[in-house]
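My notes follow, entry by entry.

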Amino acid sequence: MLGKLGFENVVQAASGKDAWDLMQAEKVDIVLTDWNMPEMTGLELLIEIRSDERFKGLPVVLITAEAERDSIVSAIEKGASGYILKPFNIDKLQGIMEKYAQ
């Protein structure tokens, strides 16, 4: 979907831990992360990102089917910039990217 929206420099990771490792080597402008990932969940990744001064202002958007209000509130309290509920369409993704991508 990001390619269809014109984003060319997209880095993907297979797990939250891989994403965190990639962030140490690659400059990223926004993080779109699934809530449920192996080794480190999206919420755990968010916590790591927010605990690192280098990434304090980095937009982090959680993507998940986790629709419980408490989960959403928890993610926002921990510093999530946004939240996308699955299933979602390209228009929803475009709105998020226009809001947060630099």
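**Glu39 and the ground rules**

I looked up Glu39 and got 62% relative accessibility, so Glu39 counts as exposed. Exposed means over 50% relative accessible area, buried under 20%, and partly exposed in between, with a 1.4 Å probe and protein chains only. Glu39 lies in the loop between E1 and H2. Its phi is positive, about 70°, although Glu39 is not a glycine.

I note that this is a predicted model, where local features need pLDDT of at least 70, side-chain atom pairs count only at pLDDT 80 or more, and totals for chains, interfaces and linings use all residues. Residues are numbered from 1 along each chain as its sequence is written, and side-chain values use heavy atoms, with hydrogens and water left out. Helices (H or I, at least four residues) and strands (E, at least two) are DSSP runs, numbered from the N terminus.

**Thr33**

I went to strand E1 and found Thr33 there. Thr33 counts as buried because its relative accessibility is 2%. I set aside neighbours within four places in sequence, and Thr33 is then in contact (heavy atoms within 4.5 Å) with Gly42, Leu45, Val60, Val61, Leu62 and Ile63.

**Helix H2**

Which residues of H2 (residues 42-51) are buried? I listed Gly42, Leu43, Leu45, Leu46, Ile49 and Arg50. They cover an arc of only 155° around the axis, which puts them on the same side of H2. The arc is taken from the directions from the helix axis to the C-beta atoms. Their cover includes helix H1 (16-25), E1, E2 and helix H3 (69-77).

Next I checked H1 against H2. Their axes come within 9 Å and cross at roughly 25°. H1 and H2 are therefore roughly parallel to each other; that term is for angles under 35 degrees. On the H1 side, Gly16, Ala19, Trp20 and Met23 make the contact.

**Helix H4**

I turned to H4 (residues 90-100), whose buried residues are Leu93, Ile96, Met97 and Tyr100. Seen down the axis of H4, they fall within an arc of 95°, so they line one face of the helix. Asp91, Glu98 and Lys99 are exposed on the other side of H4. Strands E1 (31-34), E2 (60-64) and E3 (82-85) are among what covers the buried residues.

I ended in the loop between E3 and H4, where Pro87 has its place. A cis peptide bond joins Lys86 and Pro87, with omega about -10°.

Note on methods: Axes fitted to C-alpha atoms, helices over the stretch in contact; angles between N-to-C directions. Parallel < 35°, antiparallel > 145°, perpendicular 65-115°, else oblique.
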